[in-house]
Amino acid sequence: MVVAADQGPELEPELSPGAGPSHPSWLAAEVVSSERISPSAQRIELSVPGWRGALPGQHVDIRLTAEDGYQAVRSYSLASTGADVVELAVERLPDGEVSPFLVDELRVGDLLEVRGPLGGWFVWRPADPGPVQLIAGGSGVVPLVAMIRARAGMDGPPFRLLYSVRDRSRALFGDLLDAGPDGTTVSWIYTREAPTGWPRAPRRLSAEDLDRYAFDPQRQPTVFVCGATGFAESVSRLLIDRGHPTTKIRIERYGGD
């Protein structure tokens, strides 16, 4: 059985002209790597001949076909932007139709199709001026990781990531973020259980956290917020209350399976 990835970000359903090297038709893809990166999440690499890369923050449509001909199409954020290989990270949803298969049953050698890259608003371009503030909730860190990877090694603007997770085991790409990616300062927010001796008690991201860890609105950072709908809406309100102009806030939210 082959099924599709979880519903991804609520972004433009059409290809975005000028957003990157887009492929308007479906490309064949093969699973070449599948690795558990949290108790409920899987990192998946797809070999896609002809894939020319993407802009950090973009996503793809994934189409998979069952033996009986049933097809399902979903969108998912890209975790990296290089050519030939498409990297995704999928988190299992308890009542999901698709994510349990991708996390627990997908195997190296399985075939699917990819279309994209998609999205022209929630992207970071190296030529964009000013500091960049990244704020993620749970698996919403995936497109932000793509931005952090693209920023590394460049003489570019400073990045800050504020990453909210239930506990350390739920963090995606934790090793990468702990390594201190070049050009990015990472701050952790734990909402359920914090590591022993952690100075901040577990609780939701607050205005005080933005004041302490995020760029001051006077610096006019471009802010990328990605997470579940409730998280994204709460954080956007906090940012506006702190004085960040709406024109500098870019939001990507995800829903169910």
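A pocket is, on a 1 Å grid over the protein atoms alone, an open set of points where a 1.4 Å probe fits, with protein on both sides within 12 Å along at least five of seven lines, and its lining residues have an atom within 4 Å of a point. By that definition E35, I37, R43, R168, S169, A171, F173, G174, D175 and L176 line the second largest pocket of this predicted model. Because the model is predicted, local features need pLDDT of at least 70 and side-chain atom pairs count only at pLDDT 80 or more, while totals for chains, interfaces and linings use all residues. Residues are numbered from 1 along each chain as its sequence is written, and side-chain values use heavy atoms, with hydrogens and water left out.

**The chain as a whole**

- The chain holds five helices and 11 strands, where helices (H or I, at least four residues) and strands (E, at least two) are DSSP runs numbered from the N terminus.
- Of the 257 residues in the chain, 51% are buried, a word that stands for under 20% relative accessible area with a 1.4 Å probe and protein chains only.
- Among contacts (heavy atoms within 4.5 Å) between residues at least 6 apart in sequence, 74% join residues at least 24 apart.

- The lining of the largest pocket consists of 22 residues, of which G137, G138, S164, R166 and T191 lie nearest its centre.
- Two or more residues of that lining come from each of β8 (159-165), β10 (222-228) and α5 (229-241), and α5 gives the most, with three residues.
- The lining of the largest pocket divides into eight nonpolar, eight polar and six charged residues, with Ala, Val, Leu, Ile, Met, Phe, Trp, Tyr, Cys and Pro counted as nonpolar, Asp, Glu, Lys and Arg as charged, and the others, Gly among them, as polar.
- In the second largest pocket the lining divides into four nonpolar, two polar and four charged residues.
- The elements that give two or more residues to the lining of the second largest pocket are β1 (23-38) and α3 (174-178), and the largest share, three residues, comes from α3.

- L27 is placed in strand β1 and counts as buried, at 15% relative accessibility.
- L27 and V48 are 21 residues apart in sequence, yet their C-alpha atoms are 6.8 Å apart in space.
- Leaving aside residues up to four places away in sequence, L27 touches V48, P49, G50, W51, L112, E113 and V114.
- Five of the seven residues of strand β2 (residues 41-47) are buried, so β2 is largely enclosed by the rest of the structure.
- Seven bridges join β2 to strand β5 (residues 85-91), and the two run antiparallel; strands pair if DSSP finds at least two bridges between them.
- R43, which is among the residues lining the second largest pocket, has A89 as its bridge partner in β5.

**The loop residue R200**

- R200 sits in the loop between β9 (184-190) and α4 (207-213), and R200 is buried, with a relative accessible area of 6%.
- A polar atom of the R200 side chain lies 3.2 Å from the backbone oxygen of Y190, and the backbone oxygen of R204 lies 3.0 Å from a polar atom of that side chain.
- Not counting residues up to four places away in sequence, R200 touches I189, Y190, A194, L205 and D209.

Methods. Buried means under 20% relative accessible area, exposed over 50%, partly exposed in between (1.4 Å probe, protein chains only). A polar contact is a pair of N or O atoms within 3.5 Å; within protein, one must be able to donate a hydrogen and the other to accept it, and residues adjacent in sequence count only if both atoms are side-chain atoms.
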